[in-house]
Amino acid sequence: MKNQKIFPGIILLGFGLYFFLTQNNHVTMLKEYLTWPTLLIIVGIAFLGQGYGGKDAESILPGVILVGFGLHFHIAGKLAIWPDHIGVFILIISLGFLLRYQKTGNGLFHGILFLFISIVLLFHDEVLKWMGLLENKAASIINFWPFLLIAIGLYLLFIKRK
């Protein structure tokens, strides 16, 4: 049975701590983290708490997305090795689908699809270098890969119905 007290409990606790710390000027070492991405992380943690503690597995996906995006916005400018790229967002979404699949048994296709897309986006330049001799022919083909995504999306929406 789903426990519906976890989500609002974590939201109220997290937002209360957040606003207390923003009003308290004595906590200077946390000041740079008291921004809007922290609010995303708090809401994401509430979703994850609901998903794992409240046995509501559908809350895992939005929880991972919100925590991941919040962490990304905190880390992107501060850690030199962290990529600031759209592929990171798609990778976070992929992780959410895969963690939800672990609990529910559905969403594996979506998780793997988003994982593949994120890898292609994150390592696009390396893939082109790896192709080496095929660079001229491959470059013209690679410009059309978004149309492949559109075609797969249309196929899933209109042709492959269960």
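Biologist: Hi! Is Phe73 buried, exposed or partly exposed?
Modeller: Phenylalanine 73 is partly exposed, because its relative accessible area is 36%. Buried means under 20%, exposed over 50% and partly exposed in between, with a 1.4 Å probe and protein chains only. This is a predicted model, where local features need pLDDT of at least 70, side-chain atom pairs count only at pLDDT 80 or more, and totals for chains, interfaces and linings use all residues. Residues are numbered from 1 along each chain as its sequence is written, and side-chain values use heavy atoms, leaving out hydrogens and water.
Biologist: Thanks! Which cluster is Phe73 part of?
Modeller: An aromatic cluster formed by Trp36, Phe69, Phe73 and Phe89.
Biologist: And how many aromatic pairs are there in the structure?
Modeller: Seven. Rings of Phe, Tyr and Trp (its six-membered ring) pair if their centres lie within 6.5 Å; planes under 30 degrees apart count as stacked, over 60 as edge-to-face and the rest as tilted.
Biologist: Why is the tyrosine 18 and phenylalanine 19 pair classed as it is?
Modeller: That pair is edge-to-face because the planes stand at 80 degrees, with ring centres 5.1 Å apart. Tyrosine 18 is buried at 9% relative accessible area, whereas phenylalanine 19 is partly exposed at 42%.
Biologist: Changing topic: how many salt bridges does a search of the whole structure find?
Modeller: One. Arginine 100 makes it with glutamate 58, and the closest N and O atoms are 3.1 Å apart. The term covers a side-chain nitrogen of Lys or Arg within 4 Å of a carboxyl oxygen of Asp or Glu.
Biologist: Is arginine 100 buried or exposed?
Modeller: Arginine 100 counts as buried, because its relative accessibility is 12%. Glutamate 58, at 44%, counts as partly exposed.
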